[in-house]
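Dear colleague,

Please find below the structure that I am handing over to you, with its sequence. My notes on what was found in it follow directly after.

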Amino acid sequence: MSNLILEIKNLSHSYDETNQIIQNINLEIEKLDRVAILGPSGCGKSTLLRLIAGLEKPNLGQIIIDGTVVSTEKFIVPPEKRKIGLVVQEKALFPHLSVYDNIGFGIKKNIDKKTITNDLLELLKIDSLKNKYPHEISGGEQQRVALARSLAPNPKLLMLDEPFSALDKDLKGVLYEEISQVFSERGSTILLVTHDSQEAEIMTKKQMKMEKGQFL
Amino acid sequence: MNRLSFWSSLPFAVLIVFTAPLLIVLSSLFGDYSENWSHLYEFVLFNYISNSLILVAGVGVLVFFLGTITAWTVTNFNFPGRNTFEWALILPLAIPPYILAYTFTGLFDPYGDANNLIREILGLDQDVIIFPSVRNIYGAITVFGFTLYPYVYLVSRSAFINQSKSMIEASRMLGLNQIQVFYKLALPIIRPAAVGGMMLVIMETLSDFGAVDHFAIETFTTGIFRTWYGLYDLQTAMQLASLLLITVGVFYILEKNSRGNGIYTSSNSTFSPNKEEVLSGFRAFFAFSICLLPIFIGFILPILELSLWAFEVNIAFFNEKFFKNSINTFTLSIGTGLICAGLALLINFSLRFKPTKLIKRLSSLLSIGYAVPGLILAVGMVQLMVGLDNLIFSNLDIVLTGSIFGLLVAYIIKTYALANSSIESGYERISNSIDDSSRILGSTSWVMLFNIHTPLMKTALLTSVLLVMSDVVKELPATLILRPFNFETLAVSTYIYASEERMLQAAAPAIAIVLVGLIPIIFLSKMIRSSRPATEK
């Protein structure tokens, strides 16, 4: 049985006819891999994550997650059925839900929601915040909550889009170490997108460079 | 039907329902023309057209000057009461024109309260008449002008606030005084915005039935009503309604174009808000009077007269009829409010979930009902209900015709735009990344709508329900025509009392309408108070 979690074949995408954002990209990520895509702003790395997440439909090529074709130019499996996670820079926490409810949001009803949520609260050292609302906690704490929320449904692949870029340098240093530890403990498969090479080196085992919609 | 197709097809389905009564009305132009039409054409159509034109021109000019001058005064000068005037200038919006018309006749008729008061003070004979009659087209122009000028005031004020200090200063350096700056520079710059507001006023004026009926002025709306209820000729009434609808359509397009042209404001990075000039002495008094006058005529005066009537027969507030009509009005308005808010939520969600150009265009068309006069909507709705009764309930007696259902649908079409504007701005505050996160975490469209968007939109939903409610409470012509037999609302009750010249009894329902009409004013005044940018010291 193949160990591949993500397979991208000849993927191309553009929002208009003149500007090709993604150009014939191929990528394979195996289970437990931790891969970083490094590149400047506007190189297409965030678009690539949106395509993998199913938030955009590609113009050409295929995306295969855990052996199932999920995106082609003709059809697209909606994001809610892909079993992947995405953490973005702006965190996108639900402002009307407490930290606890944010984390538990994506857990299916027939699964032990309480245990999973409490485990993640403890793992990410945010159990004291569980009854607080997003606007009552700091940026670093919000990022931990966003991460816990993405880990809660146990995604096959967790994608991180510049997750720490809005945080200050000291906080970043602490979070890199702690979150790498979390990923190791949970055996997560990670695809990180960043422009920070130090972040990529600490958080992942393999780094790829991207420019103008292509891997170098 | 899968979910995606539900979201794509919903705006289509709603558009069909919303436009059906209008298309029915317009289709009458291609039908037979009866003898009544020839009679109307020969004897009264010219009056309808000329009166409507005089009304529209008079009201247009009046609101343009009232709206822009007051807006200029409160944005550029600091004088005692300025901060209060800034929001109080929209208070007349709470008074429907027909209620101002009723209070005007109560005040200025030969034996009205204003004439009586002056005669008493000056010790004059009973046959001395101080104030001229208001039961004419000039009275109607005054009524519409002083209740509807806030439409122009609101857009002008916001446009004046956005005018740059450096631009005004440059014109002063070139030798223009404050008055010259106003009419040579500031006014031409905000003209597209003010004209847009003026078009809204004109549409409201053309749509009115209660005020022109009370003053016995022959306009399109009174003509439609009389043709239908006097000559019992629905076909000719629809043909008249079509002409009015086309006229309103022209003003609707003009209003949209005015908005499209935008306001020639400074949007560059060097923009700095205009500095206010502090006024004192006579100049402060003059500015104060300019702002007080429209509020006095459009709000304080009718409130005083209504209060006077209410104190004379305060028992009317507690009679069974008042309570029954209040409950009818409340039930209808809250029902319409909830349906409109729910519908606007679903439509805006479909726009977000399926943002195609076609759906965007269709959704913008759904707001057209706001511009359509209630009377035309009612005429079309009656025909639609009759058609549906024949089609669906052909074996039974009439089911939908004359039922509350037709009235409710007409209200929804008429007020959807209000609910939509609130929901639309509520949605603008929800980041798209919230939607992305919720979908990636496994939410279906319905889960996202109910568990994420609905709780985040609580305030927008409540606002839209209240805005719709306040408009439904005021609506007169559609209610008058579509209401079930023996069913009265506060507006209908006010109209019936006023048409029987029982003004004292009309006070209780009229005051209730004004109180509900104050709800959107409170929201607007809050926005106004928080909208002024910090000025340089």
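**Where chain B meets chain A**

In the contact between the two chains, 16 residues of chain B touch 21 residues of chain A. Please keep in mind throughout that this is a predicted model. The size of an interface is often given as the accessible area lost when the parts come together. For chain B and chain A the buried area is about 1,600 Å², and carbon and sulfur atoms give 68% of it.

One pairing to look up in the viewer is that of R439(B) with E80(A), whose side chains meet in a salt bridge at 3.3 Å, N to O. There are also 4 residue pairs in polar contact between chain B and chain A, with both residues at pLDDT 80 or more.

Two helices of chain B, α18 (432–440) and α19 (445–456), each supply at least two residues of the side that touches chain A. The largest share comes from α18(B), with 7 residues. Sorted by class, this side of chain B has 7 nonpolar, 7 polar and 2 charged residues.

**The two domains of chain B**

The domain assignment divides chain B into domain 1 (1–31 + 314–499) and domain 2 (61–220 + 248–312). The C-alpha centres of domain 1 and domain 2 of chain B are 30 Å apart. At their interface, 15 residues of domain 1 of chain B are in contact with 18 residues of domain 2 of chain B. Together these two domains of chain B bury about 1,400 Å², with 65% of it on carbon and sulfur atoms.

How many salt bridges does the rule find across the interface of domain 1 and domain 2 of chain B? The number is 0.

On the side of domain 1 of chain B that touches domain 2, the elements giving two or more residues are α20 (458–474), α21 (477–482) and α22 (490–499) of chain B. Of the elements on that side, α22(B) gives the most, with 4 residues. By class, that side of domain 1 of chain B has 12 nonpolar, 2 polar and 1 charged residues.

Is T415(B) buried or exposed? T415(B) counts as buried because its relative accessibility is 2%, and the cut-off for buried is under 20%. The side chain of T415(B) reaches the backbone oxygen of Y411(B) at 2.6 Å. If neighbours within four places in sequence are left aside, T415(B) is in contact with T336(B), C340(B), V468(B), D471(B) and V472(B).

The second residue, S50(B), lies in helix α2 (residues 35–76) of chain B. With 18% relative accessibility, S50(B) also counts as buried. Between S50(B) and Y252(B) there is a separation of 202 residues in sequence and, C-alpha to C-alpha, 20 Å in space.

Yours sincerely,

A colleague

How values were computed: Residues numbered from 1 in each chain as written. Chains lettered and ligands numbered in written order. Predicted model: local features only at pLDDT ≥ 70, side-chain atom pairs only at ≥ 80, totals over all residues. Heavy atoms only, no water. Domains from an automatic or database assignment. Contact = heavy atoms within 4.5 Å. Buried area = accessible area lost by both parts, 1.4 Å probe. Salt bridge = Lys/Arg side-chain N within 4 Å of Asp/Glu carboxyl O. Nonpolar A, V, L, I, M, F, W, Y, C, P; charged D, E, K, R; others polar. Buried < 20%, exposed > 50% of the residue type's maximum accessible area, 1.4 Å probe, protein only. Polar contact = N/O pair within 3.5 Å; in protein donor to acceptor, adjacent residues only side chain to side chain.
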